[in-house]
Amino acid sequence: MDMTYIQGILMLAGINLIAVLGLCLLTGFTGLFSFGHAGFMAIGAYIGALMTVPPSTMPGSIGGLGLPFIFGILAGGAAAGIVSWFIGRITLNLKGDYFCIATLGFGEATRLILNNVQTFGGARGWPGVPQYSTVLTVFVVDVIAVLFLANLVKSRHGRNMIAVREEELAAQIAGVDVFRYKMIALIVSAVYAGVAGVLFGHYMTFIQPKMFSMTKSTELTIIVIFGGLGSISGSVLGALVLTALPELLRAFDIWRLVFYGAAVIVIMISRPKGLMGGMELSPAGIRKIRAERRARLALKEEAAREAASGGRS
Amino acid sequence: MRMRALLCSLLIAAVALVGCAGGQKVDTIKVGWFGALTGDQAVWGENELNTVKMLFEEYNAKGGIEVGGKKYKLEVIGYDNKGDAQEAVNVTKRLTGQDKVVAILGPNASGNAIPIAPILEAAKVPDIATVATNPKVTVMDGKVKPYNFRVCFIDPYQGAVAAGYAFDRLGARKAAILYDVSDDYSQGLREFFKASFTKKGGQIVADESFNAGDVDFRPQLAKIKAANPDVIFMPYFFKEVALSANQARELGITQVLLGGDGWPSEQLISMGGKAVEGCYFVNHLDYADPAVADYKARYKAKYGKDTELNGFLVHDAVLMLVDALKRAGKVDGEAVAKALTTTDIQGITGRIKIGADTHNPEGKDAAILKIVNGQYVFQEKYAAN
Amino acid sequence: MNQLLQQLVNGLSIGSVYALMAVGYSLVYSIMNFSNFAHGGVIMLGAYFGFFGLTLLKLPFAAAFILASVGTAVLATLIERVAYKPLRDRKAPFLYFIISAMGASILLENVVIATIGPTFRTYPEIFAREPIALGSLAIGRLDLIMFFVSAFCLACLILFIDKTRIGKAIQASAYNMKACALMGVNTDLVVLIVFALGGFLAGIAGVFFGMKYTVYPQIGNITTKSFIAAVFGGLGSLPGAVIGSVLLGVIETLVAGYLSSQFRDLIAFVILIGVLIVRPTGIMGKTAEDKA
């Protein structure tokens, strides 16, 4: 096996992971379902490129500010966050599929605008983005993203978000500012998606509105659900498995997307909570899983004992 | 349980892949190909891969090709990238890193050919794109990319040819454009057509667009009809061309329609029928040219259907590669890339002389074809001035 | 003036294509409370069934039509059994249904690519392409036939739901599935019937779509538009789906015709979101409590 290929897949998985973690908060912890996060990725990718691409020297080439990568990452994330605040103001009162369709509209609208704006190359894309994304940068951003999210989820805010997901009405009655928590989740997820977009653009060295289509948004959401709602380690696992899956299935040629589709259904119906639904791969999480298994075993034994005693009498 | 079964099958797949990569024979030259085998571009991808396979089989049946005094067989490793840029990067890494190919043929989309350049450079593997017509595929900021080549002419040229032909030969002074705003190829042609046509003194009276996946163009066409142009330029692919042509005729639009190299296909005639009768398009070659007849017949005999346009171009890409391999004298990507820069061969789509500072085939005239009685009738070779 | 009339005709015709697809969505939504994204795949297969019925089996048009509709009805129930029933039994949240539906839709599209192939296919010409001319107004024959057939099917559907016992059971289940089951309604059967009905409509939509726009594996993508139309009209409401579709078709056409075709979808989305702000459940949506 060759390293550049494996490395490439790992980096893509790492980049996807950042966006997935954001969605994990939005979908997994507040129950909102987005079809438009590719739009935030696009915003991040274009603003990030604007920061880092060297100023234009030739007519016809698209120039930027030529700043170091860190400014690109920060600006891309911030831009996506600011846009999400506006979007949130308008759409967060919508429920279920109505929110879905509003985010879908946002994602498609972003792509449409980028297609029409010739300053950034329109549909023909923006080549010449510096290749700044390395295994190290992606890994570092991944670690920061996981740590921040894990702390957020464990905090009071995280518990309030879960309350919103489980029973919105009850949470509201108990004094949780539902709108505010939905907004926080949306902004955090948008910033994550924006950062992922920046890294993606600087990995591909070329960005095109086509890359941020609705398919990309749904792919991200599929990973979140696949990994398990409300589980950070599930998202990590999901991003790794589902980014690598189409590559692993290459041997099946034109049948590979058939298998991909089938795999998604099989996971949904056989593991209704996703790979790691509600569980975490941390010492505390493992203890919890063990305790549950012990309880289940005890129940089974009891049932068996009862059945046996029933047979005797 | 089912979960475990799935993981098992994944593992098996992974092992199978490692196995594939292991068995390398000394006497074969591995050539990569990638393009869309799934998704809406799959028609062309399938056609390209089939052509490459057929040509390689033919070479191998004759005992292979001679490089540096040694006979080699040719083997193609073809991957699907769904027409997706991210997958293009993945498969290029796989072809160069894991499969260790000496060169790559394809892809057909510019958006897929542009992001693979840094990988090719790092791996020192040349790529010959088939119908990727964006200038930035081979030249970026005035610098030629050392490992990117192509076998087709480029968008500015094609746009200028279409505009010149419309203005000079068809006598059009007012043109309308309908284009796919989400497609890079369509936007490129529209931009260069518009520039050339207005430069010649013509006027663009309507400039309308649609989005990928649209099937109904009547709102835009009704608007175009009201603008009353002399000619309507439709720079997109044949499925949309056939649909929009039919709908234009339904609305009573009788003007001549003009298109680019996205038009030619067997299906344009079957779908478009009478609607595209009498219309013109810019093409890479003349289908009735005796030079292409042999390839067309061989393809039809082997696969039972007609070849698409991409087949002709990938055919010449194969000729280019074999020629470069022979001249390089060794199976090495860097040497092949060097040999490619001095390519000067006769392909079935015309003479291919690669420009050293553009990596494009230079002076390749465009062919103007007209649809008459459901046939593509060659009008003339036309060069933009 | 003439152009405006022509644009309205165009808009109505586009809207009626959306409507045929949107009704299937809304029907399933009304009872299952999730958007069945596999619906697009079912429509696509309907187009193929009709196509092969006409060309391979050389069936007369009506027979091919029925073959396609029955075929897709069976397919839709099959998908329900495989991809949704296990979730239903487990009372999984709606997100899982949506993901499962997306998996099914990816599966269907790619099965077709792998077996039938990616090429586009053209229906044999059944109705003359020449439009009916009213002055300078052009009205497609197929558009007219489609309009009447879909109106007829929708009327039948609404009658069926309003007047028959099964229809009443569907209505009751849409209102409250649990309570219905307690009252002795076989809700499992009701769900199957709803999917069969949705599938039947998908078959009709597929055949018409194929005749009008050719057949290819990505037909399903266009159903995104009909999903939007269904949301616009209010999910779960059949008249809402029809109204939403017609409105979306007309708005799109007018925007493209008079404002900007480049920004057509953008403006359409802005209007959609505007409507949702004023009416958060669409024009005629049931004001359901949160379903998540």
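Let's start with how chain B is divided. In this predicted model, chain B splits into two domains. Domain 1 takes residues 26–153 plus 290–353. Domain 2 takes 155–283 plus 366–382. So each is written as two stretches of the chain.

How far apart are the centres of these two domains of chain B? Over C-alpha atoms, the separation is 29 Å. The two domains do touch: 10 residues of domain 1 of chain B are in contact with 12 residues of domain 2 of chain B. Look at the domain 1 side of that contact. By class, the residues there are 4 nonpolar, 4 polar and 2 charged.

Next, confidence. Chain B has a mean pLDDT of 89. Of its residues, 93% reach 70 or more. One stretch needs care. Over residues 13–26 of chain B, pLDDT stays under 50. For that stretch, the model has 10 contacts beyond four places in sequence. Where pLDDT is low, predicted coordinates should not be read in detail. Keep that in mind when you look at this part of chain B.

Now to chains A and C. Here 35 residues of chain A are in contact with 36 residues of chain C. Which elements of chain A give two or more residues to this side? They are α3 (69–91), α4 (96–116), α9 (214–227) and α11 (256–270) of chain A. The most comes from α4(A), with 11 residues. And the make-up of the chain A side? It divides into 22 nonpolar, 9 polar and 4 charged residues.

Technical notes:
Residues numbered from 1 in each chain as written. Chains lettered and ligands numbered in written order. Predicted model: local features only at pLDDT ≥ 70, side-chain atom pairs only at ≥ 80, totals over all residues. Contact = placed C-beta atoms within 7 Å. Nonpolar A, V, L, I, M, F, W, Y, C, P; charged D, E, K, R; others polar. pLDDT = per-residue confidence, 0-100. Helix = DSSP H or I, 4+ residues; strand = E, 2+ residues; numbered from the N terminus.
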